[in-house]
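Please report on the model shown here.

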Amino acid sequence: MAAGTVCLCVRIYALSSKIKRQGLIIPTVKGVESAHMNANAKRSSCVPSSSRKLLTGNEAAALGAVLCSVEVIAAYPITPQTTIVETLSEAIAKGELRAQFMEVESEHSALAACMGASAVGARAYTATSSQGLTLMHELLFWTAGARLPIVMVNVNRAVGAPWNIWADQLDSVAQRDTGWMQFYCETNQEVLDTTIQAYRISENVLLPSLVVMDAFYLSHTWEPVYVPEKRLVTQFLKQSYKRPILDVNRPCSFGALAGPDNYFIFRRSMHMAMEEALCLITQVGTEFERMFGRRYEPVEEYQLKDAHSVFVTAGSITGTARNVVDSLRVEGERVGLLKIRNLRPFPIERVRKALMGKKRCAVIDRNLSVGGGGVFYTEVKAALCGCKKVPKLMGVVAGLGGKDVKEHDLMKVYRTLERDTQGLLWLG
Amino acid sequence: MARVTQVTIPRQMTELISSGHKACPGCGGILVVRHVLRIIGSKTIITVPASCLTVMEGEYPRSAFKLPLFHTTIETAAAVAAGIRAGLRAKQQNDIHVVAFAGDGGTYDIGLQALSGAAERNEDILYVCYDNEAYMNTGLQRSSSTPYGASTSTTSSDNFKTQQKKDIIQIMLAHNIPYAATICVSYLDDLKMKVKKAASIEGTRFLLALAPCPPGWGYSSDRTIELGRLAVRSRVFPLLEAEHDKIRLTKRPAKIPVSRYLSMQNRFRHLTDQEIARIQENVDDKWRNIFKAE
């Protein structure tokens with residue numbers, strides 16, 4: 001425990017120096033050690049062959065790619081993703097990673113190059129953010145439709161106009177229907193672990209994965225991260241079958257013209273692959289725990305069992321919400337938290353199971369579908385439609401464009417929720 | 001009529017496109033693809049952006065191509081080809097050709113950024129543009145490759161295109177790529193020499209192929225080869241090659257007036273003598289510039 005405390009202090013120091021240096025506004029530091037991080041600390045004796053490092057979210061993402069031995073990286077710089085690509089190019093220069101590194105002329109070409117590389121069987125990787133991801137929009141569909149298991153890290157940043165480089169999930173939630181799996185990360189540890197799991201899942205169901213983290217709150221903030229041994233990651237990612245690729249000895253086409261009947265079949269098969277992925281995410285998460293000591297699922301329930309009121313969150317706000325739940329629990333409030341990790345495939349059954357029978361529920365979105373509300377809110381609402389014992393639902397739009405969401409803000413949300421408020425609440 | 005060298009196509013040649021593809025009768029584009037692939041050989045991976053060729057392959061689950069093919073969006077041929085090369089390098093498969101076949105829309109217009117990026121990085125790809133001088137697959141709309149005077153479905157004969165055709169070869173040469181050339185299926189010996197040379201060079205290689213289009217240009221589908229010859233002989237489409245910045249003409253046929261080339265096509269039907277004279281002047285100017293640059 002002593003070692004853990006030292007690490008925590010170092011982290012807080014790193015944070016405060018960062019705040020001083022760059023004038024960044026960082027959310028409550030108290031909640032940095034999330035539930036599974038605490039669990040890790042307890043389990044640290046059984047975490048096999050891991051080292052513990054102080055990493056920013058971007059460094060954790062890059063290290064995840066190095067551990068997965070990615071073979072082709074194509075990327076274009078955009079704030080706040082840049083240090084991912086810089087760290088990777090450094091890893092290649094140092095000989096820690098043997099990969100083809102392509103500095104292309106746009107995000108659009110970055111994903112196009114990844115598609116080409118993936119189509120000949122290479123493990124391809126890219127990272128982007130905001131305008132970059134939205135520029136890729138067309139190719140996100142193409143990648144998924146061509147069933148290429150590319151993994152991309154997206155640093156959630158607001159989409160213009162006006163210009164804004166801070167955390168906002170709009171860039172990734174707007175890609176909801178492209179056929180990519182989407183994983184929202186709460187901590188830097190989760191960014192690293194999810195990158196590894198994403199390759200395993202993608203290469204099995206042949207759908208690409210988007211690993212998402214909040215700009216600056218994670219991307220540029222140091223946290224202690226367990227770094228597994230590369231040897232074990234290689235073992236974890238070992239493929240047992242060959243996927244279809246472009247091969248001169250066995251010619252085939254990717255993406256050829258398909259008539260209405262075949263197109264329908266292709267699209268339906270993608271949906272079925274998503275459903276399969278939902279089971280696989282849990283299965284791979286369990287296997288990951290056996291090997292590395294940390295468990296992951298499409299949703300995580302925190303203090304939910306006897307809760308009357310529930311916060312639903314995705315991304316780094318989850319850490320703050322955990323603290324708020326803890327404080328309210330001390331006061332005797334029956335409150336819990338449901339963390340959603342996957343926007344796609346959306347864990348409908350798990351969300352239903354977790355929320356049915358609860359009295360009230362506040363879905364907090366750091367994104368806004370203009371004219372529709374928060375995207376997680378609408379997804380949760382749709383999931384609960386037709387169920388019995390549906391809680392009173394409130395959608396909370398919070399933290400857009402990097403606006404800080406503090407503990408007292410969530411306390412305010414809780415008090416509003418306790419008054420059985422329904423509909424949309426604007427926090428800020 | 002001047003004499004034309006006869007080229008015999010050996011019967012036992014390996015065709016990498018089967019009959020039954022969906023190109024229009026007399027399509028110049030499919031001939032370009034057929035002959036380039038015949039010379040390059042079967043150890044090739046190709047990528048095709050949205051273009052007529054997308055349709056020509058045929059509908060899933062049938063394919064007229066006997067090669068691995070990655071269909072991609074209209075602006076990404078060069079980037080996908082570069083990615084394929086990177087993937088092959090990662091997999092240590094270094095004896096495979098990577099070829100992109102794109103139309104003029106996917107090259108001159110929407111695909112120019114990705115092509116420029118790939119050329120600047122000198123990606124090891126062969127990029128072949130089959131140039132039918134308009135958006136033919138979508139029904140003959142103007143592109144930046146459409147020549148001065150041509151009518152299209154968006155530039156009618158009353159309001160024909162008044163801008164010159166973009167000089168894509170000069171743009172590619174400005175990237176200092178190792179090899180760029182123009183080819184025409186009416187001159188198979190020249191085409192063969194250039195494709196062989198392009199295949200032997202490492203880095204970005206660019207081939208611009210004239211692809212006469214019977215429905216788009218308005219001529220009878222049995223006259224594609226003849227029209228290609230007229231394009232070269234009238235110097236509208238000079239056959240040249242450039243290794244780095246050294247440019248040279250590979251064919252110097254006796255000059256015929258452009259009117260002979262133009263008069264065979266409905267898309268130039270509306271032109272007055274004055275406009276034809278202007279085209280002749282431009283063609284002569286361009287030829288002189290190439291001649292000077294040699």
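## Strand β7 of chain A

Strand β7 (residues 209-214) of chain A is mostly covered, with six of its six residues buried. Buried means under 20% relative accessible area, exposed over 50%, and partly exposed in between (1.4 Å probe, protein chains only). Strands (E, at least two residues) and helices (H or I, at least four) are DSSP runs, numbered from the N terminus. This is a predicted model: local features need pLDDT of at least 70, side-chain atom pairs count only at pLDDT 80 or more, and totals for chains, interfaces and linings use all residues. Residues are numbered from 1 along each chain as its sequence is written, and chains are lettered from A in the order in which they are written.

In a regular strand the side chains alternate between the two faces of the sheet. In β7(A), A:S209, A:V211 and A:M213 point one way. A:L210, A:V212 and A:D214 point the other way.

## Neighbours of β7(A)

Two strands pair if DSSP finds at least two bridges between them. Strand β5 (residues 151-156) of chain A runs parallel to β7(A), joined by six bridges. Here A:N154 stands opposite A:V212.

Strand β6 (residues 181-184) of chain A is also parallel to β7(A), with four bridges. A:V212 is the bridge partner of A:Y184. From β6(A), the chain passes through helix α9 (residues 188-205) of chain A to reach β7(A), in a right-handed β-α-β crossover. Right-handed means that, with the strands pointing away from the viewer, the path from the first strand over the helix to the second runs clockwise.

## The second largest pocket

The second largest pocket holds about 660 Å³ of space. A pocket is an open set of points on a 1 Å grid over the protein atoms alone, where a 1.4 Å probe fits, with protein on both sides within 12 Å along at least five of seven lines; lining residues have an atom within 4 Å of a point. Its volume is the space filled by probe spheres set on the points, which are joined across faces, edges and corners.

The lining has 35 residues; B:K165, B:D167, B:V236, B:P238 and B:K286 lie nearest the centre. Elements giving two or more residues are α6 (168-173), β6 (205-210), α10 (258-262) and α11 (273-293) of chain B. α11(B) gives the most, with eight.

## Chain B overall

Chain B has 11 helices and eight strands. Of its 294 residues, 58% count as buried. Its C-alpha atoms fill a box of roughly 60 × 45 × 40 Å, taken along the principal axes.

Note on methods:
Side-chain values use heavy atoms; hydrogens and water are left out.
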